[in-house]
Amino acid sequence: MREVAIVGLGQTPVREHWESNLRDLAVTALRDAMEDAGVDTVDGVCVGNMLSGALSEQEHLGSLIVDYAGLDGVEGMKIEAACGSGAAAIRMAVKAVSSGLMDAVGVVGVEKLTEYSGKYSTAALATAADADYETTMGLSFVGINALLMRRYLYEYKLQKEDFSIFPVNAHKNAVHNPNAMFRHAITNEQYAKSKLIADPINLLDSSPIADGAAAVIVVAKENISRYKGKAVDILACEVGTDTLAIDNREDPLWLRGVERSAKKAYYVSGLSPKDINIFEAHDAFSIITALSLEASGFTEKGNAIKFAERANIGINGTFPMNTSGGLKGRGHPVGATGVYQVVEAAQQLRGTVASPIQVENNKIAMAQNIGGSGATVITTILKQI
Amino acid sequence: MDIPRYWRLKNQRYRLQGKKCLDCGNLSFPPRLVCRKCKSRNCEPYEFKGMGTLYSYTTIFQAPDRFDQMAPYMVGLIDLEEGVRITAQLTDVLPDDVQIGMKLEMVIRQIYEDGPKGPILYGYKFRPVLKF
Amino acid sequence: MSSVMKPARKVGIVGYGSYIPAYRLPATEISDLWRDGQDKLFLPVKQKSVPGKDEDTATMSIEAAKNAINRAQVDPKKIRAVWVGSESHPYAVKPTGTIVSQVLGIVPDTVSADMEFACKAGTEAMQAAFAFVGSHMADYALAIGMDTAQGRPGDALEYTAAAGGAAYIIGPAEESVAILEGSYSYITDTPDFFRRAYQHYPEHGNRFTGDPAYFKHITSAVKNLFEGLNLTADDFKYAVFHQPNTKFPQKVAKMLGFNKDQIRYGLLAPHVGNTYAGASVLGLTDILDNADAGDRVLIASFGSGAGSDAFSFVVTDKLKESVGRAPLTQQYVDRAIKINYGKYARWRKKILK
């Protein structure tokens, strides 16, 4: 097996891209990453996307994007794992390169969620859950996370306001990320007064629906000198799974998919949670950030908020999190999100983000992308070279 | 109109029919072809009684398209007496009267109408146990 | 005059069950909205039951029939007929009975049909069930009268058009909690109240719905029943009549020679409104909840269009042990969550999103 690295990064701003379609977003990010890497072609393209069929009436994304990116004849396929589609696509690229089957693979995560009305997008996003037994019972995707949050508050005797630490941090960092959707800070008071979406989850617990695309070029580490872009080591990119429906889990407050994925990633990289300098968490909802911190082994069960308060998750804290705004601040173009996370973590390791959000002395970054309510989890660990 | 699904799932939606593993006795809902515990495929249909307690709940204010006419409404995770947890809407109860741990019983209600021309989907919901 | 109707073998009610939705709309809400309270001293009922936004005649029939099966302790597979009488079937074409039968595990070896005869569709279903079991074609039949009635906003009927009803397992006399003595049905073509196809709300003949319709048909059916069975009002412990409001059933009881004591149970309209096809059959469940062995009970329905079915039952000693196996009707009456006109209008699809 060969070691792998990232040599090219690309991303579009996360926005409501009324003027752009799926392919234009994807091609922009992919070609930017190729330019960054200094390549004019790749051996294959993995497209991370969840809802092109439901919201753009467009499947068969692989060949479409390869064609429009000017990569005539190159192999391309779509990878789908709900909100984990982006990192799942990276995982496929890593497999292809480390196995020796390919030398350079372009990964592009792309999503366009604003083509239809909100209610329709809400229904489409809910397809990440069990269609026969969750979604047709009226559960929305926010609703699933609300059930988890309600139980979390109950079991650990917490107040809803305790969760404000995560979105407040995310927004604070997003101010300095030009590609972020929400470049404004929020306060604890705003959080407390925010409108309920699915009780107890409010608007400021929820990452916004958005459009965007991000891309990386994955190559064999032994070949990094061939490329222009500054390389970042991929120490691990590992997948863990769990039941699709949260009711089928013995303890819904313990994300086994996260645990499995993180443990594999620590094992493969030879690292432990203590070695992680920055963490890009999948903060689609505040509750998921908490559950992810616990099941990833950063703190014990039920202790995520205390941990975050004590460790200080800000840029100058001991455990900086979601340094470019996370899903909450940057936005959550679902199938692209996992790639954005890795691009942002790689930028941190390259030292190329805006100075207010540049973490000093960081060598190891971890990004965790969660599909559905934890049924597919991809944990990626990157290292500065 | 997902009529075949409507028809196919009627024993699940009307009668909480899951599966019982004949090798290890493990119960499952939804029904599974492979037992989660012992991986046996030797399973038979099993009907749950429909009595349970509330594990968690939420009020959905922004509903998916086909549930828009019903919103806001409540959804819960219910621990059935037989030891299986399921997801269902809560009905005939006001949000202020709902508590984790409360006793619930299954009733059959409209889940949604598939527009004014389509079929009406019926299935299980849960309400506070009617004392008698 | 024709003779009273009696089946070939003795039959009766083996189990009964009721259902009333939890929600109530006070009549004052309607009065305030449409008449600035002008009629608040003359309201036909105190309040009416309103189905939840996820309820209809099928779901309500299911719960009532579950209660009836629990009281009857009959294997659902032995029920060979499911007849649902209602003027508010959820589908125009597709039987409510198949949904009820599937949910209750009665399928597939059964007949089923939806019946419609305005407010007497429930007793019509009972008549058919008595005949079916009485002819030995089956041992058990399920008859349901259930409605989620709709009144035009601002119309007099809006005060009363309510939701609820009852289900009966009809079976052999030996197993019955109340044995049928005989019945009499009386119909004429009298257009006192009707709803044309594709219309959402019914039309009615105002005061014409009284004498030539309600009173004429009920008194004719009951008097013929009395004569055929050689009985008078004095022979009955209890009686229940169709109850479109609080006044009519009390007046018709008096016309037929019943006193207030005999109608003290089953007169539910003041608290739940007019449950249409469910009204008289729901009233009967309240009587059965409270009756003793040997009591003779009269039920007379009325359906616009128009007709009346009258039945005489004698309660057996099997009743007492069966009552506690399901909720009492009074418990459903007491389970009352008050709502305002706005909620009611939305839930009943009078305003659409």
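What share of the contacts in chain B with a separation of 6 or more comes from residues 24 or more positions apart? In this predicted model, such pairs account for 48% of them, contact meaning heavy atoms within 4.5 Å. Residues are numbered from 1 along each chain as its sequence is written, with chains lettered from A and ligands numbered from 1 in the order in which they are written. Because the model is predicted, local features need pLDDT of at least 70 and side-chain atom pairs count only at pLDDT 80 or more, while totals for chains, interfaces and linings use all residues; side-chain values use heavy atoms, leaving out hydrogens and water.

Chain B holds two helices and eight strands, taken as DSSP runs numbered from the N terminus (helices: H or I, at least four residues; strands: E, at least two). The C-alpha trace spans about 45 × 35 × 30 Å along its principal axes. Of the 132 residues in chain B, 58% are buried, that is, under 20% relative accessible area (1.4 Å probe, protein chains only).

We turn next to the partner chains. Chain B meets chain A through 36 residues on each side, with about 3100 Å² of buried area, 56% of it from carbon and sulfur atoms; buried area is the accessible area (1.4 Å probe) that two parts lose on being put together, summed over both. Two salt bridges cross this interface, a salt bridge being a side-chain nitrogen of Lys or Arg within 4 Å of a carboxyl oxygen of Asp or Glu. One salt bridge joins Arg5(B) to Asp132(A), at 2.8 Å from N to O. On the chain B side, β4(B) provides the largest share, six residues.

Towards chain C, the contact draws 28 residues from chain B and 30 residues from chain C. Here about 2400 Å² is buried, with 49% on carbon and sulfur atoms. Asp92(B), Tyr122(B) and Phe132(B) lose the most area in chain B to chain C, together 23% of what that side buries. Six salt bridges are counted between chain B and chain C. In one between Asp54(C) and Arg109(B), the closest N and O atoms lie 3.1 Å apart. Elements of chain B that each supply at least two residues to this side are α2 (10–15), β7 (103–113) and β8 (120–128), and β7(B) gives the most, with six residues.

Terms used:
Buried means under 20% relative accessible area, exposed over 50%, partly exposed in between (1.4 Å probe, protein chains only).
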